[in-house]
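Please read them with the structure open.

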Amino acid sequence: MSDVVRYEREGPVAVITVANPPVNALGQAVRQGLWDAADRFAEDDAQIALILGEGRLFIGGADISEFGKPPTRPFLPDTCTHIERSPKPVVAAVHGPALGGGCEVALGAHYRLAMKDARFGFPEVKLGLIPGAGGSQRMPRLTGVGPALDMMPAGGSVSAEEALRIGLVDRLGEGDDVRAAGLAYAQELLAAGAPVRPVGALPRPAYDAEAFEAARALWARKARGEVAPLRAIDAVDAATKMDLDQGVQEERRIFLELMETPQRAGLIHAFFNDRKVSKLPEIDGIAPRDVAQVGVIGGGTMGAGIATACLLSGLSVTLIERDDTAADKARQTITGNLDGAVKRGKLTEAQQEATLARLQTVTDYAALSDADLAIEAVFEDMGVKKEVFAQLDAVMKPGAILATNTSYLDIDAIAQSTSRAADVIGLHFFSPAHVMKLLEVVVPDATAPDVTATAFALAKRLGKVAVRAGVCDGFIGNRILATYRGAADRLILDGASPWEIDAAIKAFGLPMGPFEMGDLAGLDIGYMTRQRKAATRDPRDVVPTWADAMYHKGWLGQKTGQGYYTYDGRKGTPNEAVMPLIEEARGNRPQRGFTPEEIQRFYMAAMVNEAAKVVGEGIAQRPLDVDVTLLYGYGFPRWRGGPMHWADTVGLGGLLADIRLWADADPYFWQPAPLLERLVAEGRSFADLNTEAA
Ligand code: COA
């Protein structure tokens, strides 16, 4: 018998256990094992079969690492149908997640029992796919089209109780032993003479024109270029019009069509990167330090957001402010953030009270003497930061971690200003810090490995995705951002309008263009950055003088109602009054028109070239660290995988050729990254670098 699917007898019950750690994924051997187990059950004298998953869950889905390779027999849809066609009843007892193919195996059974921790869902669209083994045909036969239209285009899932309510499962299991509960249910069905009950033989679900129209309208709006959600709706539609075999074929046809798309490849790249990003040799096997008490210094938007994130994950927070008024204001901001969490249903009012009880707002650093970690979020000025670190150095206990939330300052210098450089690290949060998923963990030279390990453990606890970065101006994300923002300014000087650029970048899949983003963040931020860099700026660099002029006019974006757009509430319309300022900056520089594709290529090439420098210099250890950073901190469309994956897809050679061409006109901005040149010369890709680093 198979290694990954066990077949045993418990009296009249044939127990079929999928045992393929870590998530019982349905790779070829598991599919074959299930197929053979169904055959064996048909042949022996067992009267009912029980399908279980071993370990912490039922089945986590198809084996994603097989996607993109030629499919091997038996295919999953056939395996599910083979189980469904069993001449004797089959029960699935589900604990933990039953996702995608896992849910489809459960739907192939005749009866379904859900333990309290069970979750049923179809995450395929998150991988650029749709259910591929009858899920879109069988689920609506049990639940009607409504719940399937809620779940499949969203890649969503439901709890055991919800699954019972919508008719996806027959029964909730008692206790926490899935095998015992499953056996009891099987015995009960047997005693009652329960018949085989193939879901596929149930009548077609009714077509509900209104529900389909609403789902299509919703996902046409939400998908932003992503194709799978709308195709998932088409598959559910097929269930209302076709018999099971035809419907399963139609679903499979769509599934295989999507399998060939770059979107599928991009999303699967992102799926595995989410897991690889925290796997770093330097912290492998290193125990993190304990963190229960956190100090936050500074209660502005950033500090309050960081405090909120820590409180929401169960940590105790002591927030330090200059005076009582500022401390009260910080408490109000945090309370407001938590109100938001209550409104979004993430927290009950009782929990909010208990959460706030873990917050202390004070003015004296002495309150941090017991803290395990302090995160400084004060004004971005080296002198101010060093003063804060001197105070922290004086009061904090030995072994405590001293972190800075700076977004560009030299953390090596901050560390060296203390008597404990090994305990200093950068934790660069993104605003709003209790919402944004990205955390750049910036590691200076002297940092102890267990401090880095603690930062990664903290990120996990906060529900954030941590990326390791080295020290440089802007680290990974803001450094790359500065360059592609620079590309946008050059496009303006060469003849594109800010609104054309925004539209092209949105068409590429980002939620906002660079100028809309500037308006949202406040145009004073860009102005301050330019001021800061003015002293060290290369004379060949382009300065967006129109943006300085906008600043001086008080056009700071959304907060003043006027920027690149004029605002009525949050909705902006192009602010044509910007054009004369731009014309002045253009002077008699030659102008031309740009297509959206040209804009996208110019902007993306700048992003990739800078990213290649960031990797080449070791600021990011692998291309995948850049991809994860841009996805979680900068709105890069997940279905494109990330800028490095995108670059591999379009071809590094062509990108480098374009960069060299543009360098004729602007040799300062378009200096090809040495790493990009080397990869092109060697015929290699960023993906190759990821693989070599693994
Ligand atoms: N195929 C192949 N590998 C998978 C997998 C799948 N369907 N699901 C998870 N894995 C791997 C992960 O890459 C990880 O590998 P690693 O330890 O080498 O990094 C390991 O299994 C554990 O996964 P992880 O996500 O860390 O475990 P978890 O307990 O946090 O979550 C799941 C378990 C099943 C909820 C989660 O892995 C998941 O959502 N998987 C994807 C499910 C899916 O999309 N299925 C549909 C496929 S059509």
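Which helix gives the most to the shell around the ligand?

1. Helix H11 (residues 262-276) does, with three residues. Helices here are DSSP runs of H or I with at least four residues, strands are runs of E with at least two, and both are numbered from the N terminus.

2. On provenance: this is a predicted model, in which local features need pLDDT of at least 70 and side-chain atom pairs count only at pLDDT 80 or more, while totals for chains, interfaces and linings use all residues. Residues are numbered from 1 along each chain as its sequence is written, and side-chain values use heavy atoms, with hydrogens and water left out.

3. The ligand is surrounded by 19 residues, and the closest are Arg56, Ala62, Ile64, Arg275 and Lys279. By class, the shell has twelve nonpolar, two polar and five charged residues. Here Ala, Val, Leu, Ile, Met, Phe, Trp, Tyr, Cys and Pro count as nonpolar, Asp, Glu, Lys and Arg as charged, and the others, Gly among them, as polar.

4. Polar contacts are pairs of N or O atoms within 3.5 Å; within protein, one atom must be able to donate a hydrogen and the other to accept it, and residues adjacent in sequence count only if both atoms are side-chain atoms. A polar backbone atom of alanine 62 is 2.7 Å from a nitrogen atom of the ligand. For isoleucine 64, a backbone N or O atom lies 2.9 Å from a ligand nitrogen. Arginine 275 places a polar side-chain atom 2.9 Å from an oxygen atom of the ligand. Of the 870 Å² of accessible area that the ligand has on its own, the protein covers 70% (Shrake-Rupley method, 1.4 Å probe).

5. The domain assignment, automatic or from a database, gives domain 1 (5-260), domain 2 (291-472) and domain 3 (478-693). Between domain 1 and domain 2, the C-alpha centres lie 44 Å apart.

6. An open sheet of six strands runs in the order E1-E2-E3-E4-E6-E9, with mixed pairing. Its edge strands, E1 (5-10) and E9 (171-172), each pair on one side only. Pairing requires at least two DSSP bridges between two strands. E1 and E2 (residues 13-18) are antiparallel over six bridges, and glutamate 8 has valine 15 in E2 as its bridge partner.

7. Asparagine 405 sits in the loop between strand E14 (401-404) and helix H16 (411-416). Its side chain reaches the backbone nitrogen of phenylalanine 429 at 2.8 Å. Asparagine 405 is buried, with a relative accessible area of 6% (buried means under 20%, 1.4 Å probe, protein chains only).

Note on methods
A residue is near a molecule or strand if one of its heavy atoms lies within 4 Å of it. Buried means under 20% relative accessible area, exposed over 50%, partly exposed in between (1.4 Å probe, protein chains only).
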